[in-house]
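Biologist: I am new to this structure. Please walk me through it.

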Amino acid sequence: MSTLPGLLTDHGSRDAVATDRSGHRPATLPDGVVRARDVQDVVETLRWASAHRVPVVTRGGGSGLAAGASASAGEVVLDLSGMDRILDLRPLDQVAVVEPGVVTSHLDAAAAEHGLFYAPDPASAAISTIGGNIATNAGGLRCAKYGVTREAVLGLDLVLADGRRVSTGRQTVKGVAGYDLTGLVVGSEGTLAVVVGATLRLRPKPLETATLAAHFDDVVAAASAAAAITAARLQPAVLELVDAVTLEAVDAARGSALRSLGAAALVVQCDGRGARADIDAVAEVVAPFATSWRATTDPVEAEELLAARRAGLPALEATGDVFIEDVAVPRSQLAAAVSGIQAISARTGVRIATIAHAGDGNLHPIVVVERGGTVTEGPAWEAACAVFDLALELGGTLTGEHGVGLLKRTWLARELGEDSLGLQRGIKAVFDPLGILNPGKGI
């Protein structure tokens, strides 16, 4: 077998790319890693891999939470984090063309210089890459109003499994020529092609924002208040829920006293010219459920409120090893979901913190175990599986934005059905007939 140029095989390089933030640890290390610097590196890697039938696991910032970027012996990791250039930013068209390794927050900051912003806003925006966001169709805090990554992706530059280059989509806001291959690749978890470029939609930066933080006696009351906001036909840009376990961890990490204000919190932000009136309307809806609330139009104070929400996962990670779940339910079932998660925690004795993008019913139950403990076996995994079951029983889905990865494949047929799953496997075979792209992940 010929040697692949640029393949790093030392232990340190292989260990650094063996897994992601999911908590899953493969039993073995990948055979090597290629740190791509340009499209030609990707083309050459896939041509070599196709010729020698070597599986390739594509990797961005390593912030994935479903083991979608985990790699084992016999596999090669293709690291795209070095392809991190913003190639073009056109304010008049409100479009950016970027490489896959661009960090999400860096694109947002570049857009802000032109009075624009990149709407998808995952909590990991400071470390996650655009390519990874595309792979999982990531959502985030602003998804309540602006949707998930798919709504922002106009076109993609791809390298197929055999090294051929293909462009999909367009650079216009509208376009329906041919099948929507762009939408198909978004969320495909690196199993169909390797994204080497993306044309992304930007939006005008809102002139005004207004933010509200409300506290509640329990998390079910907070979830009920979130559902009531939706029922009132209000559409905030941000509608986030945080439970008591998370608030306690944030207090310990930041020296705050949020838990003393209640056992759960909602952070709500409205934007646009009517932001103040909208947040007043939100306050009227929330007040009957809440023990206290406060609203602000001050950007600095608002950022502090949002920072407490963003600090949730890092604060929990500081208390132990975690497994971050990602289920979604109909918004009317949000209260039933958080109540069910509490019951699972009580029944199994496993500590579970809940953070939710309450505006679209996407919950992140976070299983926390002692440092060095396992989150993919024993009681912790039993609790995680019970949460999967709960989501499906409530008419929901196994994953709202993190992907199926390696950890949720067992439940996929139950959600999709065998006919749908078979159709999707047929699509996979068209794109990747040898099955070398991220095998064992997603479908």
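Modeller: Start where helix 10 begins; helices here are DSSP runs (H or I, at least four residues), numbered from the N terminus. A side-chain oxygen of Asp-298 comes to within 2.8 Å of the backbone nitrogen of Val-300. The model is predicted, so local features need pLDDT of at least 70, side-chain atom pairs count only at pLDDT 80 or more, and totals for chains, interfaces and linings use all residues. Residues are numbered from 1 along each chain as its sequence is written, and side-chain values use heavy atoms, with hydrogens and water left out.

Biologist: Which residues of helix 10 are buried?

Modeller: Buried means under 20% relative accessible area (1.4 Å probe, protein chains only). By that cut-off, the buried residues in helix 10 are Ala-302, Leu-305, Leu-306, Ala-308 and Arg-309.

Biologist: Why do the buried residues line one face of helix 10?

Modeller: Take the directions from the helix axis to the C-beta atoms; the arc is theirs. Seen down the axis of helix 10, the buried residues line one face because they fall within an arc of 150°.

Biologist: Which helix gives the most to the lining of the largest pocket?

Modeller: A pocket is an open set of points on a 1 Å grid over the protein atoms alone, where a 1.4 Å probe fits, with protein on both sides within 12 Å along at least five of seven lines; lining residues have an atom within 4 Å of a point. The largest pocket is lined by 50 residues. The most, six residues, come from helix 4.

Methods
Helices (H or I, at least four residues) and strands (E, at least two) are DSSP runs, numbered from the N terminus. Buried means under 20% relative accessible area, exposed over 50%, partly exposed in between (1.4 Å probe, protein chains only). A polar contact is a pair of N or O atoms within 3.5 Å; within protein, one must be able to donate a hydrogen and the other to accept it, and residues adjacent in sequence count only if both atoms are side-chain atoms.
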